[in-house]
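The following exercises are meant for a reader who meets this structure for the first time.

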Amino acid sequence: MGAGGRMSVPPADKKAKSDVVQRVPHAKPPFTLGEIKKAIPPHCFKRSIPRSFSYVVYDLIIASLFYYVATNYIHQLPQPLSYLAWTLYGICQGCILTGVWVLAHECGHHAFSDYQWLDDTVGLILHSFLLVPYFSWKYSHRRHHSNTGSLERDEVFVPKVKSGVSWTAKYMNNPPGRVIILIIQLTLGWPLYLMFNVSGRPYDRFACHFDPNSPIYSDRERAQIFISDAGILAVTYMLYRMSVAKGLAWVLYVYGGPLLVVNGFLVLITFLQHTHPALPHYDSSEWDWLRGALATVDRDYGILNTIFHNITDTHVAHHLFSTMPHYHAMEATKAIKPILGKYYQLDETLVFKAMFREVKECIYVEPDEGEENKGVFWYNNKL
């Protein structure tokens, strides 16, 4: 990790390679949230309805063009080429729809407009189309932002302590095992999280995003979980009717393939934002909101940064100011870097390489032996 918290790692440079595991500061920072906010131009916090909708319209136009080309021309190709074309369509359409997912995510943070009802309406429609229970996710995700980096209260990708690691981990900590872990995580991780709270915060009873009585939610939130479920049921029924009219294979090609890509990117983005050998986690004796919010890392996805509306490379700023519109996040990130110093983290390692490295290095967390700060936990892989 060099100056300013950059963690780009040239493979041939041994010194730089060692820097990737150089830990970020875990002491209470010498600045406040208010001081960080003062460094950001005030206009970055202003939400614009026309500008926010322009991104929705743009993404939906691109998605519609992909749909038109796929449904009108792919079937005309000879069979080997048609399979390749459907795969390419699924990847490209999935990337665009991941951008749509991000815009609904903006709505969940009240970063789309100044009107909560408008944000919730747009978010409900967009997320339901992608089979995401909008209000259910909104409330659990809000708790994630309120408790980031906390071993007891965070809601997503909560690392295990060594004693909680499954006996199978030692047999999976090898290249074939890591491939299997990543395949399962990227294909099934999102639905397993929604349905069974896999990788989420442990509760004293069954937790499910589709259950209004789930312990994830407070009493005042439960009615809106029904609305989320209604949105999912409506889209599921629409897909059923399309399957009857056009065939299940058509629905899987046109909708299922892109959705698989969306779900995979969603898990990968979240995983890499919160999992890194240099990032600390805290128990209740050490955790505070600011240090938890800073225990995340920006990543570089190349051209996908733009397609994903920069949720990938402005995540630190997003965790500090989640109601800031995504179209101001790049400017805000540049403004806060001098204030954050080494507390700001950017890793420009190729994403494909980074995901294998993190699965290898980040199996569980534990405090350092002999350290005074026993409430600060670091990733380890020694089984």
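Predicted model: local features only at pLDDT ≥ 70, side-chain atom pairs only at ≥ 80, totals over all residues.

Residues are numbered from 1 along each chain as its sequence is written, and side-chain values use heavy atoms, with hydrogens and water left out.

**Exercise 1. Describe the chain as a whole.**

Step 1. Begin with the secondary structure: the chain has 15 helices and five strands. Helices (H or I, at least four residues) and strands (E, at least two) are DSSP runs, numbered from the N terminus.

Step 2. Next, consider the radius of gyration, which is taken over C-alpha atoms; the globule rule is 2.2 Å times the number of residues to the power 0.38. The chain has a radius of gyration of 21 Å, close to the 21 Å given by the globule rule for 383 residues, so it is as compact as a globular protein of that length.

Step 3. Along the principal axes, the C-alpha atoms fill a box of roughly 65 × 50 × 45 Å.

Step 4. Finally, 52% of the 383 residues count as buried. Buried means under 20% relative accessible area, exposed over 50%, and partly exposed in between (1.4 Å probe, protein chains only).

**Exercise 2. Characterise helix α10.**

Step 1. Helix α10 covers residues 248–274, and its 27 residues reach 37 Å from the first C-alpha to the last, close to the 39 Å expected at 1.5 Å a residue. The expected span is 1.5 Å times one less than the number of residues.

Step 2. At G256, α10 bends by about 35 degrees, and the proline P258 follows within four residues. The bend is the angle between axes fitted to the seven residues ending at a residue and the seven starting there.

Step 3. Because 20 of its 27 residues are buried, α10 is largely enclosed by the rest of the structure. F271 lies in this helix and, at 7% relative accessibility, counts as buried.

**Exercise 3. How many cavities of 30 Å³ or more does a search of the whole structure find, and what lines the largest cavity?**

Step 1. The search finds three such cavities. On a 1 Å grid over the protein atoms alone, a cavity is a set of points where a 1.4 Å probe fits but cannot get out, and lining residues have an atom within 4 Å of a point. A volume is the space filled by probe spheres set on the points.

Step 2. The largest cavity has a volume of about 100 Å³. Its lining comprises 14 residues, of which E106, T314, H318, H326 and A329 lie nearest its centre.

Step 3. The elements giving two or more residues to this lining are α4 (79–108) and α13 (315–320). The largest share, three residues, comes from α4.

Methods: 1 Å grid on protein atoms, 1.4 Å probe; cavity = no way out; pocket = protein on both sides within 12 Å on 5 of 7 lines; lining within 4 Å.
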